Amino acid sequence: MARIGIIGSEGRMGQALARAIADAGHEVAGGVDQGGNTANLAEACDVLVDFTAPPALEGNLHAAIGAGVPILIGTTGLEARHHAAIDSAAQAIPVLQTGNTSLGVTLLAHLVREAAARLGPQWDIEVLEMHHRMKVDAPSGTALLLGEAAAEGRGVALADHSERGRDGITGRRAEGAIGFASLRGGTVAGEHSVILAGEEERLTLSHVAEDRMIFARGAVAGAAWLIGRAAGRYAMPQVLGLD
Ligand SMILES: NC(=O)C1=CN([C@@H]2O[C@H](COP(=O)(O)OP(=O)(O)OC[C@H]3O[C@@H](n4cnc5c(N)ncnc54)[C@H](OP(=O)(O)O)[C@@H]3O)[C@@H](O)[C@H]2O)C=CC1
Ligand SMILES: O=C(O)C1=N[C@H](C(=O)O)C[C@H](O)C1
């Protein structure tokens, strides 16, 4: 049984996580939200799970390092400086960061990497996502994860080929671009499609989250897996044995 500390405990994911922790036979060591004492929570748990917002990241990493406990970061909307902070923290403690903790999306990323590698750059790649009206970041962390997988399959850097936020006279599509489009509305838990568009044919690889409990269950599995690991940066394929 693991004692799991929840950062962002009153949020949509924090509440789902508490249910998933109980379902899996683990214990909620406690929870914090904005203004809470994350350092105290870190001292009282075996592993922290963070579903909050990017400004909370550095403080959460600091608390985890101070207590010497692993941390799973599910928060999205992260920028290069956040990833640099995660890399640095991973020298001291085990850290797992992912835009999506579900089994289905972890496998989807694998399939996207494979399809992009096999089909080559003459197939245009577009990543489409839809989420609930409360979501604050775009493209979603999952869309970016899938874009990274496509770029890896092609052997290029996503940053050099990403096309985001098209509007107005955009000019024709850049060769080799990986495009992103975001829809928001209702209570959609999360839908992602990667469209590979070729000459007179199109391949679409999709995932639908019917309930955010899938993310919560994956996060519990990832958090429990982190306990006792060596310091380092880990990812969901390692947890799920898909590497
Ligand atoms: N990786 C994955 O599989 C998934 C990732 N996510 C991501 O998780 C994040 C949270 O999503 P969701 O639960 O829907 O969002 P919510 O807005 O429902 O919840 C966020 C929670 O974090 C708390 N919070 C915000 N800032 C801090 C802080 N500085 N310290 C501690 N707590 C803080 C909020 O508290 P308060 O209200 O007091 O501000 C709130 O309780 C998002 O980035 C989302 O994209 C979501 C689903 C799956
Ligand atoms: O905010 C959400 O709800 C979700 N966020 C993650 C993302 O940005 O990809 C994962 C999931 O799609 C739900």
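Select helix H5 (residues 103-119) and helix H6 (residues 141-154), where helices (H or I, at least four residues) and strands (E, at least two) are DSSP runs numbered from the N terminus. In this predicted model, Val-105, Leu-108, Ala-109, Val-112, Arg-113, Glu-114, Ala-115, Ala-116 and Ala-117 of H5 meet Thr-142, Leu-145, Leu-146, Ala-149, Ala-150, Glu-152, Gly-153 and Arg-154 of H6, contact being defined by C-beta atoms, placed from the backbone, that lie within 7 Å. The residues of this contact divide into eleven nonpolar, two polar and four charged; Ala, Val, Leu, Ile, Met, Phe, Trp, Tyr, Cys and Pro count as nonpolar, Asp, Glu, Lys and Arg as charged, and the others, Gly among them, as polar.

How do the two helices pack? The axes of H5 and H6 are 7 Å apart, at an angle of about 30°, with axes fitted to C-alpha atoms over the stretch in contact and angles running from 0 to 180 degrees between N-to-C directions. H5 passes H6 in a right-handed crossing, meaning that the near helix is turned clockwise from the far one, whereas a left-handed crossing has it turned anticlockwise by less than a right angle.

Next, select Pro-139, which is found in the loop between strand E6 (124-131) and H6. The peptide bond from Ala-138 to Pro-139 is cis, with omega near -15°. Then move to Glu-200, in the loop between strand E9 (191-197) and strand E10 (202-208), where phi is near 65°, a positive value in a residue other than glycine. Most residues other than glycine have a negative phi, and most peptide bonds are trans.

Now colour the chain by domain: domain 1 is 3-101 + 212-240 and domain 2 is 103-208, with bounds from an automatic or database domain assignment. Their centres, taken over C-alpha atoms, are separated by 26 Å. Ten residues of domain 1 are in contact with eleven residues of domain 2, and helix H9 (residues 236-240) supplies three residues, the largest share of the domain 1 side.

Select ligand 2 and display Thr-76, Gly-99, Asn-100, His-131, Lys-135, Ser-140, Gly-141, Thr-142, Gly-190 and Phe-215, which surround it; a residue is near a molecule if its C-beta atom, placed from the backbone, lies within 6 Å of it. Ligand 2 lies between domain 1 and domain 2, because both give residues to its shell.

Finish with ligand 1, which 27 residues surround, the closest being Gly-8, Gly-11, Met-13, Ala-56 and Gly-74. Helix H1 (residues 12-23) gives the most to this shell, with three residues.

Residues are numbered from 1 along each chain as its sequence is written, while chains are lettered from A and ligands numbered from 1 in the order in which they are written. In this predicted model, local features need pLDDT of at least 70 and side-chain atom pairs count only at pLDDT 80 or more, while totals for chains, interfaces and linings use all residues.

Key: Contact = placed C-beta atoms within 7 Å.
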